[in-house]
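Dear colleague,

I am handing over the structure below, and after it you will find notes on what turned up. Please read them beside the coordinates.

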Amino acid sequence: MSNLYVLYEHAAGFSLFSVKEFEEVSMFLPQVESSVTDLAKFNSIVKLAGFAPFKTAIAALENINAISEGIVPQDLLSFLDDFFAKLKKKKCTLGIADAKLGAAITEAIGVQCSHFGVVPEILRGVRFHFAKLVKGFTDKSAGVAQLGLGHSYSRAKVKFNVHRSDNMIIQSIALLDQLDKDVNTFSMRIREWYSYHFPELVKIVPDNYMFAKAAKFIKDRKNLTQDQLEDLEKIVMDSAKAQAIIGAAKMSMGMDISIVDLMNIELFAERVVKLSEYRKKLSTYLHNKMNLVAPNLQSLIGDQVGARLISHAGSLTNLAKYPASTVQILGAEKALFRALKTRSNTPKYGLIYHSSFIGRAGLKNKGRISRFLANKCSIASRIDCFLEQPTSVFGETLKQQVEDRLKFYESGDVPRKNIEVMKEAIEAAGQEAAITVQSEKKKKKKKRAAEDEGETNGASNGNGAAAEAENGNGNDDGEPKKKKKKKNKNKEAVEA
């Protein structure tokens, strides 16, 4: 007959509980479920066998992080090893909540683990009555320990490097897409609205941003004169267009418009201009952020396509976990499931279709190049996710490989082997890392030298001031100057 011991991981430490006659108890599982909330009945079955408290909050966080990943921490291993070493002759079964952790414990110390049957109900009871089962514990102290560890665990999971957070990329690409829609809608509205007054301007200035700026500048076309040619030329960036606008304003077929209507058009045009300028700033911000977070993916397929892949996957880590086949059709899930349902051809590409490589490939080679590109995107995302020092060397190398593959499909030129290319990329990345380390060391040396110079200058200035003070306050006889003057005056008075 084997004994059952249940392992419970609390915020305060690891605890082992012995279950009396668990084989008989397991036969009456419904009765156990109903009696779990009753402390008197539960206490007659379950007793505390061992408790190993965490020494510090940092140790608690490290142990819980390891357990959440199915790894046996060293503290738990030593606790279980010491406990079961005393019970070598007896057959023991360890009840545990996580099957993955149970397999790791069995492999480490050779104790049979179980996570089904009566074990979940026993653990539920232990969780419910833990503060009363362990001496010196109260509900308040247990709650404080759980709250502190819960905050630390959540903070550790959420906390990433501020400069390499992919959440900012996800939000900025979503905002960029929304801004594109809004700016296009508002530009169409301003074109239609202002064309009642000046319809010829649309054909002369087709660009939305320039049209909004020109409409804001011109206002009433009747007031547009030759004196405003230079200012208008700065807006449209073309002297011929500026002259054409002035000529068209004189011969326009548009209707007259009131001052109030012109004011509203001007305000709306100003809003469109500001939105367009903000869209450009956001695009620059996305470029800089991608350069920090995923420089290789950025070098391979560009800012927006790379950001859309990260956004669709949910994070850079999720994208790195995807196989190349999933990256290839990422964004075309509806088409994929429709094809599987109707048993038709599956899609060849998803979001990566917007990459320039697929557009440049021939019709027969689009599927082949999309598969190759998805493979390289998967490699680039993994490098970006797990490389400590960000570098774009691998992305540029992978991009060159895609270019060579395109040439191979078109002309038949055999590209270089992947092993050779990757070896060169690794060497180049190592050289770049060495250069950055040397530059950082030089900067630190310069800082230290500047600080030392400042300290020595301050000390020399202090010594000089002290010397001047001594020379100013005393003479060779050690008497103050003021007293000397008084003595001289007294001598002169006596002689007189």
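Helices here are DSSP runs of H or I with at least four residues, and strands are runs of E with at least two, numbered from the N terminus. By that assignment, Trp193 is found in helix 9 (residues 167-195). This is a predicted model, in which local features need pLDDT of at least 70 and side-chain atom pairs count only at pLDDT 80 or more, while totals for chains, interfaces and linings use all residues. Residues are numbered from 1 along each chain as its sequence is written, and side-chain values use heavy atoms, with hydrogens and water left out.

For accessibility, buried means under 20% relative accessible area, exposed over 50%, and partly exposed in between (1.4 Å probe, protein chains only). Trp193 counts as partly exposed, because its relative accessibility is 31%.

Leu77 lies in helix 5 (residues 74-85) and is likewise partly exposed, at 23% relative accessibility.

Glu451 belongs to helix 23 (residues 418-473), and, with a relative accessibility of 52%, Glu451 counts as exposed.

Turning to the cysteines, a disulfide is taken as a pair of cysteine sulfur atoms within 2.5 Å, and by this rule the count comes to zero. Cys92 counts as buried because its relative accessibility is 13%, and Cys377 is buried too, with a relative accessible area of 2%.
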